[in-house]
Amino acid sequence: MASSVSSAALVFSVKRCDPEFIRPAKPTPREVKQLSDIDDQEGVRFQIPLIMFYPSNPLMKGKDPVKVIREALGKALVYYYPFAGRLIEGENRKLMVDCTGEGVLFIEADADTTLENLGDAIQPMCPCFEELLYDVPGSGEILGSPLILIQVTRLRYGGFVFALRLNHTITDGAGLIQFLNAISDMAKGLSAPSILPIWQRELLNARNPPLITRMHYEYEEVNNTNKTLMAMDENNLVHRSFFFGPKEISALRNQLPSSLGPCSTFEVLMACMWKCRTIAFAVDPDEVVRLSCITNIRGKPGFDLPPGYYGNAFVYPASIAKAGMLCTYPLEYAIRLLKKAKAEMSKEYVMSVADLMVIKGRPPFTLPGNYLVSDVTRLGFEDVDFGWGKAVYGGAARALSIISFCMRFKNRKGEEGKVIPICLPPLVMERFEHELKRMTNKVKPDRPTTSML
């Protein structure tokens, strides 16, 4: 089955220096810059943790990753100076960056463990993650706090861990990669980033006048008064990640009819996760459940985002289904729903989202019965090179409530595949694992179907 990782026995300690502020290395403009109407929606107002693990490199002997990254960070912030500012909120909850130059938080640390000792535990839900990215008290607010927190932890016998917490309103995964590559460029001695940053957040602002022209199930108001529709107690969740290697992915693909046509691995895995999660929650068959897939709009036809744009540039169109149909129909049904929702994505859809934010006061995405997923396998976190080579793992550090991420991973056996973290209540997690095992051991569809939509 898709294997989960248990790392309860892995214990190590980390010695940290006091947090410090890294400011731009040169003077930067003192101004206020508005975020876009895609940036400042309620559903993006949270902190997201990411982590990268780097092996020792004999060619870098005598070089200190903490010193190299600290100096490169200050140089990169000259170009990305809004990251050194603080968020403020204006009329109609509009977010803006006050470019104060106060800097980002930076922590230097040392751990008494090796990269080899960590093994497969470096994948999401890494044990002792709180040691590798210390939550500085008072630093996690959306308004008035540092937009980025970085901790660089040296490992024994070489290697290091680069961990980061990001205020998601300021940028998305692709924009963050652009910033990290700028730090990499500075670390390697370049005088300027290879891709210069472009602000231009007005490109994704609402129209005048705003007009909602599409159906947005991802923002639909849903009453969950009886607390039975996939209720999540944030204080009672189990965090676990699942590895899908060639065997598991093949088992899922073997359940699909040829009439379905080409399917990406992400579509197959997310349909599987959605179905297993819904079954595990034992949702009433007549309740409507959702799968919201985060869809990057960079490079898509009809969009004029320039290279270097580092704002949030995604939407998450939702697939909807009655729980009973999703749970009993073959995997094909969920994939068709996912494809249908993704096909809705267009420039008009994105502008309709921006308009909705202004008209409805920047509402949150639907929570009851919703599951958000993001494919970060193509962003290239593991390719960020500060001089020590590529990371052995790079990506999200964990799932976030109803949000999961799909990432590339090579396990200790040398198998390459995908890893997906998820958060669920304890009993729901038990049922989820059971259903996932059943799904990844199947070889044939439940029953033939001709039309399910």
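Begin by selecting Arg431, which sits in helix 10, residues 426–440; helices (H or I, at least four residues) and strands (E, at least two) are DSSP runs numbered from the N terminus. This is a predicted model, in which local features need pLDDT of at least 70 and side-chain atom pairs count only at pLDDT 80 or more, while totals for chains, interfaces and linings use all residues. Residues are numbered from 1 along each chain as its sequence is written, and side-chain values use heavy atoms, with hydrogens and water left out.

The side chain of Arg431 reaches the backbone oxygen of Ala280 at 2.6 Å. The C-alpha atoms of Arg431 and Phe281 are 8.0 Å apart, although 150 residues separate the two along the chain.

Now show the whole of helix 10. Its end C-alpha atoms are 21 Å apart, which agrees with the 21 Å that 15 residues should span at 1.5 Å a residue; the expected span is 1.5 Å times one less than the number of residues. The buried residues of helix 10 include Val428, Met429, Phe432 and Leu436.

Select residues 265–281, which form helix 6. This helix has 17 residues and reaches 24 Å from its first C-alpha to its last, close to the 24 Å expected. Because 15 of its 17 residues are buried, helix 6 is largely enclosed by the rest of the structure. Ala282 follows helix 6 and has a positive phi, near 50°.

Next, colour the largest nonpolar core, which has 152 residues; Phe53, Phe162, Phe179, Met270, Phe386 and Phe432 touch the most other members. Helix 6 gives the largest share of this core, 11 residues. A nonpolar core is a set of buried Ala, Val, Leu, Ile, Met, Phe, Trp, Tyr and Cys residues joined through side-chain atoms within 4.5 Å.

**Aromatic pairs**

A search of the whole structure finds 17 aromatic pairs. Rings of Phe, Tyr and Trp (its six-membered ring) pair if their centres lie within 6.5 Å; planes under 30 degrees apart count as stacked, over 60 as edge-to-face and the rest as tilted. Select Trp199 and Tyr310: their ring centres are 5.8 Å apart and their planes lie at 75°, so the pair is edge-to-face. This pair links distant parts of the chain, 111 residues apart, with Trp199 in the loop between helix 4 and strand 11 and Tyr310 in the loop between strand 13 and strand 14. Trp199 is buried, with a relative accessible area of 13%, and Tyr310 is buried at 2%.

Move on to Tyr393 and Phe409, whose ring centres are 5.8 Å apart with planes at 70°, so this pair too is edge-to-face. Tyr393 belongs to strand 17 and Phe409 to strand 18, so the pair ties together parts 16 residues apart in sequence. Tyr393 is buried at 1% relative accessibility, and Phe409 at 5%.

**Strand 12 and its partners**

Select residues 288–293, strand 12: five of its six residues are buried, so the strand is largely enclosed by the rest of the structure. Strand 12 pairs with strand 15 (residues 318–322) in the antiparallel sense over five bridges, and Arg290 stands opposite Ile320. With strand 16 (residues 370–375) the pairing is parallel, over four bridges, and Cys293 has Val373 as its bridge partner. Two strands pair if DSSP finds at least two bridges between them.

**Leu331**

Finish at Leu331 in helix 8, residues 331–343. Leu331 is buried, at 2% relative accessibility. Among the residues that Leu331 touches, not counting those up to four places away in sequence, are Leu256, Val268, Cys272 and Met439.

Key:
A polar contact is a pair of N or O atoms within 3.5 Å; within protein, one must be able to donate a hydrogen and the other to accept it, and residues adjacent in sequence count only if both atoms are side-chain atoms. Buried means under 20% relative accessible area, exposed over 50%, partly exposed in between (1.4 Å probe, protein chains only). Contact means heavy atoms within 4.5 Å.
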